[in-house]
Amino acid sequence: MKRKERPAIGTKMYSVHEHLYHVPGRAGPLTEYCVCEAEVRGFFEGGYVEICLTGKIPDRGMVPYRYPLKTIGEQVFYTPREAAELAKQMTEKYERTWGWTGDPPMRRPWAYLLEDAGGPKDVCSD
């Protein structure tokens, strides 16, 4: 297995998170996937190395979370575009799996990240 290089403390990284939101007049919540930015705060070393991050998650403000170092490029990314590609795959899989329920199509707050035009600075939606 190839050893991954550790990102420097303070490096901005991006990951995909599930976000539940409510629509007035609807009994249950709807799901969307959001690309969220986080900053590397340190590393935890046990049986393997974890990246310790702090970032904003929709509706919750700043929270800490961890990813194994080996998941760079799989679950946590250096660019928002890479994370948006994962969010697109997750959204399409979710819609294929649960499309029969009749729910409306999922929101795509990450879609502008796949375009060259850019978009809002904040990658997390509310």
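1. How many bridges pair β2 and β3, and in which sense, parallel or antiparallel? Seven bridges join β2 and β3, and the sense is antiparallel. Two strands count as paired if DSSP finds at least two bridges between them. Helices (H or I, at least four residues) and strands (E, at least two) are DSSP runs, numbered from the N terminus.

2. A note on the basis. This is a predicted model: local features need pLDDT of at least 70, side-chain atom pairs count only at pLDDT 80 or more, and totals for chains, interfaces and linings use all residues. Residues are numbered from 1 along each chain as its sequence is written, and side-chain values use heavy atoms, with hydrogens and water left out.

3. Overall make-up. The protein has five strands and one helix. Along the sequence the pattern reads β-β-β-β-β-α. There are 126 residues, and 38% of them count as buried. Buried means under 20% relative accessible area, exposed over 50%, and partly exposed in between (1.4 Å probe, protein chains only).

4. Sheet order. The five strands form an open sheet, ordered β4-β3-β2-β1-β5, with antiparallel pairing. The edges are β4 (61-68) and β5 (76-77), each of which pairs on one side only.

5. The β1 and β2 pair. These strands run antiparallel and are joined by 10 bridges. Tyr 21 has Leu 30 in β2 as its bridge partner.

6. The β2 and β3 hairpin. Three residues lie between the two strands of this hairpin. Glu 45 stands opposite Val 49 in β3. Further along, Glu 39 has Thr 54 in β3 as its bridge partner.

7. Glu 50 is bridged to Pro 68 in β4. Thr 54 is bridged to Pro 64 in β4. Three residues separate the strands of this hairpin, and Asp 59 takes a positive phi near 70° there.

8. Cover on β3. How much of β3 is buried? Seven of its nine residues are, so the strand is mostly covered.

9. Helix placement. Helix α1 (residues 80-98) lies across β1 (12-21), β2 (30-45) and β5. The helix runs at about 135° to β2. Axes here are lines fitted to C-alpha atoms, for helices over the stretch in contact, and angles run from 0 to 180 degrees between N-to-C directions. Contact means heavy atoms within 4.5 Å.

10. α1 has 19 residues and reaches 26 Å from its first C-alpha to its last. That is close to the 27 Å expected at 1.5 Å a residue. The expected span is 1.5 Å times one less than the number of residues.

11. Which residues of α1 are buried? They are Ala 83, Ala 84, Leu 86, Ala 87 and Thr 91. These residues sit on the same side of α1 because they cover an arc of only 160° around the axis. The arc is that of the directions from the helix axis to the C-beta atoms. An α-helix has 3.6 residues a turn, so residues three or four places apart point the same way. Cover for the buried residues of α1 includes β1, β2 and β5. The face turned away from the buried side carries the exposed residues Gln 89, Lys 93 and Arg 96.

12. Glu 37. This residue lies in strand β2. Glu 37 is partly exposed, with a relative accessible area of 31%.

13. Arg 107. Look for Arg 107 in the segment after α1. Arg 107 is partly exposed, at a relative accessible area of 32%. Arg 107 and Tyr 33 are 74 residues apart in sequence, yet 7.9 Å apart in space, C-alpha to C-alpha.

14. Contacts and surface. Among contacts in the protein with a separation of 6 or more, 51% are between residues 24 or more positions apart. The protein exposes about 8000 Å², and carbon and sulfur atoms supply 53% of that area. Accessible areas come from the Shrake-Rupley method with a 1.4 Å probe; for residues, only the protein chains shown count as cover.
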